[in-house]
Amino acid sequence: MTPNQTKRPEDSLSDAELRNIRSFKPVTITNAVDVNLPGGKEDTNRALILAALSNGLVELQNVSLADDSVELMDALSTLGVSLQLQGRQCRVMGTEGRFKLNASKVYAGISGTASRFVAGLCMLVPGQFVLDCGSRMRERPMRDLLMAMRTLGVDVRSVSVTDHLPIEYNNPLEQVARGGQLEMSGETSSQFFTSLLLVAGRLPGGLEIKVLGNQVSQSYIDMTQYALAKFGVPMQNDGYRRYRVPETRNIGVERYVVESDATAATYVLALAAITAKTVRVHGLSVDSPQGDARFYQILELMGCSVDFSSVAQWIEVTGPSQLQSCTVDMLSTPDSAQTLAVVAAFAQGRTRITGLGTLRLKETDRLSALQRELTRMGIEVNTGEDWIEIVGGQPHGAIIKTYEDHRMAMSFAIAGAVVEGLMIAGADTVSKSFPEFWETLEMAGLGTQLVT
C-alpha cells in the first residue's frame with residue numbers, strides 16, 4: 001500500500017503529510033514508566049499575556065516551546081514587549097498596558113489561542129494596524145469577539161472575509177477600549193471570553209460579561225481565572241453565567257511556574273490504557289485547573305487502575321486486560337476527546353462521547369476526521385452534530401491522514417503501540433502544541449521512526 005492509495009479523492013495526502021510519515025514498533029516495556037512533560041501551551045499563553053500587562057518584570061518558568069507559544073512571543077515582540085527566552089525560562093518586562101507598535105502588521109500564527117488572545121490585547125495598542133494569522137485560522141469564526149470589542153468602543157473591521165481574520169484596528173493614541181458590560185454567546189469558543197478577561201483589569205471600570213446560552217470548554221475558563229489570580233487580578237465567576245473583573249492597577253508576579261501540560265498527559269496515559277502497562281506522569285496534580293488533568297477519571301470508568309499524589313504531583317494509570325466502553329460528556333474538555341476516541345477503538349462495546357460541537361471548528365472538522373480515520377482502521381464509527389460513537393473492535397494498520405491537525409497525529413499515534421502497520425502522515429504537525437511528543441513516546445517505550 002502506497003501513501004496515496006486511498007478510497008476517496010478527498011482523503012489523498014497533502015504534500016506536507018507526504019514529507020513526514022512515521023511508523024511504529026509495539027511497546028516493549030514490562031516495568032512501570034515515568035514520564036516528565038513540558039509546560040502546557042494554554043497556561044503559557046495566558047501567562048505571557050498577563051506578563052505583558054504587568055507592572056514590572058515577570059519570570060515565567062517551564063514555558064511551552066510549542067509553535068503556538070513561540071508565535072505568541074513573536075507577536076508580543078511586535079507590539080513592543082521586551083522578552084528574553086532562555087531554555088524554558090522567559091523573562092517578560094510588563095508594559096502596564098501601554099504598548100508601542102513596531103510594525104503595521106501583527107502576525108499571530110496558526111494558533112487559536114494566540115490569534116484570539118492577541119486580538120483582545122490589541123484593543124490597548126495605539127495606531128492603525130492589521131492582525132493576521134495562518135490560513136486555517138482565517139477560516140475559523142471571530143464574529144462574537146469582534147462584536148464584543150466594538151461594544152467596548154474599539155474600531156475594528158475584517159480586511160477580507162466578514163467576521164474573520166485578518167482584522168484592522170484604527171486606535172487613537174490614547175487608550176481606546178473602555179470597560180463596562182457586554183453579552184456574548186458561550187457556545188462558540190471559550191477563547192473569546194479568555195481574550196477579553198485577560199485584559200479586563202486594564203480596562204477603565206473593569207469588565208462584566210453575561211454568557212448567553214451554555215458555556216463550552218468551562219475548564220478553560222477555570223484556567224483563565226487561576227492565571228488571573230496568580231497575577232493579582234480578581235475574577236468572579238457566577239456559575240459560568242456571568243464573569244466580572246475589576247479594573248486592577250497592580251498586575252504582576254515575580255515568578256510564575258507553568259504547570260505540565262494536562263492534554264499532553266492524556267496521550268501517555270492512554271498508552272497505558274491500551275497496552276495494559278503502567279505509566280506515571282510527573283508535574284501534574286489532580287487538583288489542577290486544567291480540566292484534562294481529570295482524564296484519568298474516564299480511563300477509570302473504562303477499567304483502568306489509577307493512583308495519584310496531589311502533594312508530589314503525579315498521576316499513574318495501569319491499563320486492564322480488557323477495556324470497557326463508556327458514555328461521557330466532554331463539553332468542558334474537548335481537547336482530549338480525540339484521545340478518548342482512539343482508546344475507545346480498543347474497548348469492548350459502544351462508547352459515546354457528547355458535547356463536541358466545537359470540534360467541528362478546530363484545526364479541521366475533528367469529528368469528521370475521527371470518523372474517516374477510525375473507519376480506515378476497520379472501526380465502526382457514527383457521528384452527529386456534537387457527538388461521536390465508536391464501536392470497539394480490532395483496529396488494523398493504516399496510513400492515517402492528519403489534516404495538518406496536531407491532535408489527530410498524537411491521538412492516533414498511540415494506536416501504534418499495539419497495531420502493526422500503522423503510519424502517521426504529517427507527523428511533524430505535533431510541533432504546534434507538543435514538539436517533544438515523539439521523544440516522549442520513546443521514553444514510554446513506543447518505538448517510532450521517520451519513513452519519509
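Reader: Is Phe 192 buried or exposed?
Author: Phe 192 is buried, with a relative accessible area of 0%. Buried means under 20% relative accessible area, exposed over 50%, and partly exposed in between, using a 1.4 Å probe and protein chains only. This is a predicted model: local features need pLDDT of at least 70, side-chain atom pairs count only at pLDDT 80 or more, and totals for chains, interfaces and linings use all residues. Residues are numbered from 1 along each chain as its sequence is written, and side-chain values use heavy atoms, with hydrogens and water left out.

Reader: Which helix is Phe 192 in?
Author: Helix 7, residues 190–199. Helices (H or I, at least four residues) and strands (E, at least two) are DSSP runs, numbered from the N terminus.

Reader: What is Phe 192 in contact with?
Author: Leave aside neighbours within four places in sequence. Then Phe 192 is in contact with Arg 116, Pro 141, Met 142, Asp 144, Leu 145 and Met 184. Contact means heavy atoms within 4.5 Å.

Reader: And how far apart are Phe 192 and Leu 146?
Author: They are 46 residues apart in sequence. In space, C-alpha to C-alpha, the two are 9.1 Å apart.

Reader: Which residues of helix 6 are buried?
Author: In helix 6 (residues 143–151), they are Asp 144, Leu 145, Leu 146, Ala 148 and Met 149. These buried residues pack against helix 4, strand 8 (156–158), strand 9 (167–171), strand 10 and helix 7.

Reader: What comes just after helix 6?
Author: Gly 153, with a positive phi of about 90 degrees.

Reader: New topic. At what angle do helix 3 and helix 4 pack?
Author: About 25 degrees, with their axes 10 Å apart. Helix 3 is residues 67–78 and helix 4 is residues 112–121. Axes are lines fitted to C-alpha atoms, for helices over the stretch in contact, and angles run from 0 to 180 degrees between N-to-C directions. The two helices are therefore roughly parallel to each other. Angles under 35 degrees count as roughly parallel, over 145 as roughly antiparallel, 65 to 115 as roughly perpendicular and the rest as oblique.

Reader: Which residues meet there?
Author: Asp 68, Leu 72, Ala 75 and Leu 76 in helix 3 meet Ala 114, Val 118 and Leu 121 in helix 4.

Reader: Now the open sheet. What is the strand order?
Author: The 4 strands run 10-11-13-12, with mixed pairing. Two strands pair if DSSP finds at least two bridges between them.

Reader: Which strands stand at the edges?
Author: Strand 10 (180–185) and strand 12 (236–237). Each has a single partner strand, so one side of each is left without a neighbour in the sheet.
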